[in-house]
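Visitor: Could you take me through a close look at one part of this model, the nonpolar patch on its surface, and what lies around that patch?

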Amino acid sequence: MKVELRSSMAPFLPIRASRQLLQVGALIGVWWLAQMLSSYLHLPIPGSLVGLMLLWLMLDRGILPLGWFEHGADSLLSHLMLFFVPAMLALVDHPEMLSLLGVKLVITVLACTLIVMMGTACVVELGFRLNHAAAR
């Protein structure tokens with residue numbers, strides 16, 4: 001069955017895809033620059049976190065417009081589950097993970113996920129409170 005595109009949408013699809021690809025490339029570029037900066041300055045935190053903080057600061061301060069990264073970030077988030085496929089394939093190759101060791105790992109991962117979620121919630125709540133305090 002052949003799917004036909006409406007003639008009004010057809011010219012926009014390559015532009016949208018190329019914009020998403022360009023924005024994903026820009027995000028990778030920010031990560032790469034931050035990784036190089038972290039290595040050059042011998043920072044004890046990974047470059048991905050440095051890049052995340054720098055990108056957040058530049059977006060928050062309006063140095064970079066959100067539109068430069070928004071569609072690329074949305075595209076990465078919509079395909080996030082694909083990044084877990086290699087981990088699931090590794091699980092199939094290592095059956096020992098389905099024993100007590102695997103249960104311990106699952107408990108550890110769940111506990112760590114819960115801690116990260118609680119930390120994220122605290123940071124978001126703090127951000128909202130600071131934002132509301134600044135607005136008053």
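**The nonpolar patch and its surroundings**

Guide: Leu37, Tyr40, Leu41, Leu43, Ile45, Leu49, Leu52, Met53 and Leu54 make a nonpolar surface patch of about 830 Å². The model is predicted, so local features need pLDDT of at least 70 and side-chain atom pairs count only at pLDDT 80 or more, while totals for chains, interfaces and linings use all residues. Residues are numbered from 1 along each chain as its sequence is written, and side-chain values use heavy atoms, with hydrogens and water left out.

Helices α1 and α2 each supply at least two residues of the patch, and α2 gives the largest share, four residues; such helices are DSSP runs (H or I, at least four residues), numbered from the N terminus. Leu54, which lies in helix α2, counts as partly exposed because its relative accessibility is 36%, where buried means under 20%, exposed over 50% and partly exposed in between. In the loop between α1 (12–40) and α2 (47–60) sits His42, which counts as exposed because its relative accessibility is 70%, and which has a positive phi of about 55° although it is not a glycine.

Methods: Buried means under 20% relative accessible area, exposed over 50%, partly exposed in between (1.4 Å probe, protein chains only). Patches are made of residues with over 30% relative accessible area and no salt bridge: like charges are joined within 9 Å, nonpolar side chains (Val, Leu, Ile, Met, Phe, Trp, Tyr) within 5 Å. Accessible areas come from the Shrake-Rupley method with a 1.4 Å probe; for residues, only the protein chains shown count as cover. A salt bridge is a side-chain nitrogen of Lys or Arg within 4 Å of a carboxyl oxygen of Asp or Glu.
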